[in-house]
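Welcome, and please open your viewer for a short walk through this model. We will stop at a cavity, a core and a pocket.

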Amino acid sequence: MTTAHVTAAAPAPASLPARLDALAAVLGDADDPANPLGDRAVLDADERGEMLTAGEEALHAFGLNAEFVPAYLGGRLTRLDHLVDVMRAVYRRDPCLGLGYGASSFIAGVNVWTAGDDTQRRAAAALLGAGGRIAVAYHELAHGNDMTRTEFTALPAGGRLLLDGRKEVITNVRRADALVLFARTSTAPGSRSHSQLYAEKTDLAADRTAYLPRYRTTGMRGVQLGGVRFDACPLPAGSVLGAPGRGLETALRSFQITRTTLVSMSAGIVDSALETTLRHVRARRLYGRTAADLPHVRSVVTGVFSDLLTADCFATVGTRALHLLPAETAIHAQAVKFFVSQALLDAMNRLSGVLGAAFYLREGPAARFQKLLRDIQPVGFGHAARAACQVSLLPQLPLLARRAWREGHAAPSALFAPGEELPPLDFGALALSAAGRESLGTSLAAGLAAMPDGQGPAYRLLRRYGEHFVRELTRLGEDCAALDPAELSVTASPYAYDLTSRYVGVLVAASCFETWRRARHSGTPFLSDPHWAAAALYRLSTPRGAPPRTLPAPLEDALWERLSERHRTGGGYLLLPRSPHHHPVGTPGRQQ
């Protein structure tokens with residue numbers, strides 16, 4: 001049974017705006033010191049290294065877990081971009097709640113929705129619907145991201161499976177009501193010796209289960225990371241998710257969803273940090289004027305705004321591709337994780353430079369920045385390191401060069417229409433390899449040929465740098481087709497790894513250019529304004545290893561004006577402004 005077959009008859013959840021408004025009401029005013037979910041309470045919980053209990057209770061009352069459960073199982077999950085929007089609101093307030101209360105169960109649940117049978121899916125859905133937690137146990141510290149070397153076993157014995165070994169660095173392993181476990185289920189060599197298991201803790205013998213000490217962390221202090229050890233712990237044989245031996249395939253399909261959406265959720269952290277920085281520089285007086293009036297400060301902040309828009313655009317396209325182009329997302333998911341995570345980290349570091357000494361203060365108006373800066377660090381390595389994404393992309397490049405880049409197919413227009421309708425998500429349609437298919441990168445040439453006429457520097461820069469990235473894809477085709485097969489593994493040279501970075505740059509440029517070009521009739525004025533897209537392509541063309549290019553004055557002035565407007569209205573700093581129901585700066589109930 002695929003999701004596509006069952007969601008059509010499911011009752012529709014409340015609309016996204018209604019859910020966002022309800023969540024904003026639950027979270028309340030971040031600036032109110034009496035709010036048990038406000039910034040003061042969030043920072044106090046961080047100092048204690050604890051999850052914000054009032055926050056977890058409020059999210060339970062809101063029913064956040066329903067956002068992770070497909071609608072045909074009684075949840076609200078119909079569109080991944082809607083899930084991202086909801087979770088960004090949580091991450092803006094407290095990233096620990098975003099991961100520790102929410103996203104950790106989503107990561108585990110995706111494996112169940114992807115490979116579980118009807119009984120397993122409904123059991124997991126009921127557990128989450130009742131406010132329970134599911135933890136996913138992939139990693140063993142000795143092997144990192146190399147899941148094929150997993151030592152943890154669940155071998156058949158007497159009609160059951162016996163769990164043996166340990167799993168480490170698991171979010172909520174003690175607090176979870178169920179576990180998704182990646183285990184070796186056969187002693188035979190090869191990847192088909194691994195399976196995923198769904199185990200509710202009521203099925204686990206307490207005397208054969210031992211929890212390892214909690215790991216203390218610098219960021220995400222409230223998130224409870226731990227480990228578990230099993231000693232010949234019996235488990236029903238029917239606990240395997242999908243066919244035995246298909247665990248790695250299930251994980252790789254699930255990663256396409258989680259790598260794309262989790263990094264996109266984290267954009268909410270930078271959104272919140274940019275708001276904090278703007279408040280600071282508008283209030284801080286230096287040399288007889290505000291810090292915001294200093295050209296260098298304005299340039300850096302505007303550059304961060306541009307880069308955040310670029311990252312959001314690419315993440316949004318990647319998220320929509322999971323619905324529209326599931327056969328190609330083995331490419332997109334790796335590229336989104338690789339690019340967006342670094343863009344968010346770089347943006348935070350540049351904002352810390354603007355704040356100066358204020359960025360590490362743990363009290364006062366800018367106190368939340370130091371927590372956001374610490375909490376965003378796992379975006380670069382959590383769940384999968386950026387280098388692991390390059391390793392996954394690299395072997396696909398020669399086939400792309402011989403097929404997709406020569407055929408030059410354009411992606412569907414719906415891919416570049418954020419907020420527009422999407423077909424149902426079919427977990428089973430996600431492919432393990434793109435098999436030489438990829439239409440996002442080649443969309444840029446067709447889009448450039450259809451570029452509307454326009455006057456001014458933004459149009460000229462869009463055309464100039466659009467042509468630059470079209471030529472770059474041609475050069476990449478030549479370079480990738482000539483790659484030695486020995487260069488397609490983890491032992492590849494820096495030159496080969498650099499090819500993946502260059503290719504990702506083309507994908508990001510195509511996403512921004514086409515999202516702008518196709519927005520002319522969308523009724524979304526910001527998207528159809530050429531300045532943000534021109535700024536994106538201009539900064540993307542920065543030579544690798546060099547600091548980001550300072551925007552030309554016409555682009556910087558235009559983006560500063562739009563940034564200032566978003567600050568005044570409380571519209572946030574992502575690609576689509578937040579709803580007017582989210583109140584502007586200085587008014588009660590403003591969402592952070």
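Select helix H3 (39-48), helix H5 (80-93) and helix H12 (367-375): each gives at least two residues to the lining of the second largest cavity. Helices here are DSSP runs of H or I, at least four residues, numbered from the N terminus. A cavity is a set of points on a 1 Å grid over the protein atoms alone where a 1.4 Å probe fits but cannot get out, and lining residues have an atom within 4 Å of a point.

This is a predicted model, in which local features need pLDDT of at least 70 and side-chain atom pairs count only at pLDDT 80 or more, while totals for chains, interfaces and linings use all residues. Residues are numbered from 1 along each chain as its sequence is written, and side-chain values use heavy atoms, with hydrogens and water left out.

Now show Asp39, Val42, Leu43, Arg92, Arg93, Arg368, Lys371 and Leu372, which line this cavity. The space inside is about 50 Å³, a volume filled by probe spheres set on grid points joined across faces, edges and corners.

Next, pick Trp405. Which residues does Trp405 touch, leaving aside neighbours within four places in sequence? Its contacts (heavy atoms within 4.5 Å) are Leu397, Leu400, Thr442, Leu473, Leu476, Gly477, Cys480 and Tyr503.

Last, go to the second largest pocket, with about 790 Å³ of space. Of its 28 lining residues, Phe339, Arg539, Leu540, Thr542 and Arg544 are the closest to its centre. A pocket is an open set with protein on both sides within 12 Å along at least five of seven lines. Colour H11 too: seven residues, the largest share of this lining, come from H11.
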